[in-house]
Amino acid sequence: MTAIDWVIVVLRVVLPALILPGIVIPLVWVERRVAALMQDRPGPNRVGPFGLMQSPADILKLFTKEDTVPTSADKLLFLLAPGLAVFAALSTFAVIPFGPTIEVAGRTIPLIGADISIGLLYVFAITSLSVYSIVLAGWSSNDKFALMGGIRSSAQIISYELAMTTAAAGVVLASGSFRLTDIVGMQQGAYHLIPFLPRWNVVPQFFGFLVFFISAFAETNRLPFDLPEAEAELVAGYHTEYSAMRFGSYFLAEYINVIVASAMTATLYFGGWSLPGYHPHGLVGGLVSLAVFAAKTAFFVLVFIWVRWTLPRFRYDQLMKLGWKALLPLALANLLWVAGLEMIRMHN
Amino acid sequence: MERLFFDAAALLAILFAGLMVVGKDPVKSVLALVVSFFALAVTYVLLLAPFIAGLQVIVYAGAILVLFLFVLMLLNVGRERPDGARRPIQTVLGSLAVLVFAGLLLGMLRATGTRVPILTDAAAPAALADPAAIARLLFSDYLLHFEAVSVLLLAALVGAFVLARREEAR
């Protein structure tokens with residue numbers, strides 16, 4: 001490997017990890033402006049043009065505020081938990097393909113951090129670890145609100161992870177691979193009978209997509225499922241005792257998780273970086289694919305924001321009922337349906 | 001390079017398993033076990049079994065130990081008392097278990113030798129790395145074992161349910 005090869009590898013790995021926190025800064029501004037738009041008020045519009053500098057100013061504030069640790073807290077775990085949250089959020093992106101394998105100047109460059117054979121399993125493994133950051137924050141704070149938030153969150157995430165994984169199993173069944181590049185690859189082209197319909201997984205597996213996307217709201221602790229941090233009853237839930245940038249870490253992790261969940265939805269059900277009828281070539285093709293991927297992801301991020309300011313918060317028993325009695329059976333039915341489709345396809 | 005990572009991960013796994021045993025705080029013990037399981041997953045990756053590694057993290061670290069932690073937090077279990085309500089039979093059985101597993105380990109080492117196939121090893125079977133190959137084996141040669149385990153899990157589930165119900169009725 002020459003020096004340029006090393007640079008390319010480092011870029012593929014490091015760039016997504018650096019860009020994600022960078023996107024969060026304008027994203028917070030977008031969220032607040034969209035919220036304001038929906039509530040018929042101006043929103044942050046004073047700092048810089050259109051209020052764009054509001055988020056950088058807030059981050060500066062978070063970094064300069066006093067970092068407090070409660071006296072009765074478990075220091076080690078209390079300090080470790082926010083870092084864990086950001087780590088779990090950032091490392092998921094390593095296996096999501098953001099473009100095809102392109103040829104530039106005689107080099108083949110796959111536009112993905114690491115194309116591993118267990119890609120989807122890796123994503124679920126990391127997501128299942130992210131629950132520790134919340135549980136530990138709740139427990140180590142030694143505070144009843146934080147503990148309640150932590151317990152609620154672990155119950156919620158475990159319940160919805162089941163439905164989410166079962167829904168995603170339908171995609172694995174259809175593509176016959178955990179590799180995310182394979183999953184994107186099998187979604188290219190259009191159907192024979194209906195040529196204008198792209199072969200996206202969302203078409204045969206609409207209910208699978210529905211379960212996956214709804215569960216994603218619960219996994220990221222976003223409204224209508226943000227019970228772990230319900231202000232009215234739990235102050236701020238698991239991060240009640242956190243201040244300054246440690247609180248900021250949870251904030252950052254939540255937004256990165258929203259981006260990752262959107263990117264995963266686009267990859268599993270909407271063809272990832274592929275644009276129907278377009279075959280990318282060279283550097284331009286790579287850039288176009290990247291833009292397509294970004295646009296699809298941005299769309300789902302906007303849906304996340306849209307839902308947050310539309311729906312009220314669920315009650316805890318309603319949340320559990322929805323997860324276990326509606327989403328999980330629906331996901332199982334979807335899995336059976338996909339298995340039936342695959343049987344038919346194999347016999348033809 | 002792979003050998004170095006493997007040794008480091010194996011050492012971490014053993015170290016944190018030890019911490020889990022001697023730890024006085026139950027929550028810290030569970031967390032030590034999480035680190036140990038994660039390190040084990042790393043060794044699985046280096047042993048050409050990424051699928052097993054993924055399952056190791058999802059099932060053990062991500063699901064079972066979260067439930068452990070959940071129960072410990074709900075019950076608010078305190079630190080283990082230093083005097084210890086340890087019965088002599090526990091010491092006897094514990095030593096016996098250690099002997100049995102040490103024998104098992106020695107037997108395995110004698111059968112396979114200390115050489116292990118690591119990531120770059122060309123002699124290692126490539127089939128291990130492929131989830132599809134594992135699935136094929138699971139649903140053909142090992143179908144009976146697979147179904148037996150699922151019945152066992154179901155029995156455990158029903159058992160837990162029965163126990164919990166009795167508690168509720170009282």
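**Figure 1. The end of helix 9 of chain A and the residue that follows.** Helix 9 of chain A is followed by Gly271(A), a residue whose phi is positive, near 75°. This is a predicted model, in which local features need pLDDT of at least 70 and side-chain atom pairs count only at pLDDT 80 or more, while totals for chains, interfaces and linings use all residues. Residues are numbered from 1 along each chain as its sequence is written, and chains are lettered from A and ligands numbered from 1 in the order in which they are written. Helices (H or I, at least four residues) and strands (E, at least two) are DSSP runs, numbered from the N terminus. Helix 9 of chain A covers residues 244-269, and at 1.5 Å a residue its 26 residues should span 38 Å, which agrees with the 38 Å between its end C-alpha atoms; the expected span is 1.5 Å times one less than the number of residues. Of these 26 residues, 22 are buried, so that helix 9 of chain A is mostly covered. A residue is called buried if 20 or more other C-beta atoms, placed from the backbone, lie within 10 Å of its own, exposed if 12 or fewer do, and partly exposed in between.

**Figure 2. The crossing of helix 1 and helix 9 of chain A.** The axes of helix 1 (residues 3-38) and helix 9 of chain A come within 9 Å and cross at roughly 100°, and the two helices are therefore roughly perpendicular to each other. Axes here are lines fitted to C-alpha atoms, for helices over the stretch in contact, and angles run from 0 to 180 degrees between N-to-C directions; angles under 35 degrees count as roughly parallel, over 145 as roughly antiparallel, 65 to 115 as roughly perpendicular and the rest as oblique. Leu20(A), Pro21(A), Ile23(A), Val24(A), Leu27(A) and Val28(A) in helix 1 of chain A meet Leu252(A), Tyr255(A), Ile256(A) and Ile259(A) in helix 9 of chain A. The residues of this contact are 10 nonpolar, no polar and no charged, where Ala, Val, Leu, Ile, Met, Phe, Trp, Tyr, Cys and Pro count as nonpolar, Asp, Glu, Lys and Arg as charged, and the others, Gly among them, as polar. Two residues are said to be in contact if their C-beta atoms, placed from the backbone, lie within 7 Å.

**Figure 3. Helix 5 beside helix 11 of chain A.** Helix 5 (residues 144-175) and helix 11 (residues 316-347) of chain A pack at an angle of about 10°, with their axes 8 Å apart, and they are therefore roughly parallel to each other. The residues of the contact between helix 5 and helix 11 of chain A divide into 18 nonpolar, 6 polar and 2 charged.

Figure 4. Helix 10 of chain A has 27 residues and reaches 39 Å from its first C-alpha to its last, close to the 39 Å expected at 1.5 Å a residue. Among its buried residues are Gly286(A), Lys296(A) and Phe300(A), and what covers the buried residues of helix 10 includes helix 1, strand 1 (101-104) and helix 9 of chain A. Gly285(A), which is found in helix 10 of chain A, counts as partly exposed with 18 C-beta neighbours inside 10 Å. Not counting residues up to four places away in sequence, Gly285(A) touches Pro100(A), Ile102(A) and Pro280(A).

Figure 5. Most residues other than glycine have a negative phi. Asp40(A), however, has a positive phi near 60°, and Phe50(A) has a positive phi of about 60° although it is not a glycine. Asp40(A) is found in the loop between helix 1 and helix 2 (54-64) of chain A, and Phe50(A) is found in that loop too. Asp40(A) is exposed, with 6 other C-beta atoms within 10 Å, whereas Phe50(A), with 13 C-beta neighbours inside 10 Å, counts as partly exposed.

**Figure 6. The surroundings of Glu219(A).** Glu219(A) has its place in helix 7 (residues 206-219) of chain A and is buried, with 22 other C-beta atoms within 10 Å. Leaving aside neighbours within four places in sequence, Glu219(A) is in contact with residues including Thr127(A), Tyr160(A) and Ala261(A).

**Figure 7. Where chain B touches chain A.** In this view, 17 residues of chain B are in contact with 17 residues of chain A. The largest share of the side of chain B that touches chain A, 13 residues, comes from helix 3 (residues 50-75) of chain B.
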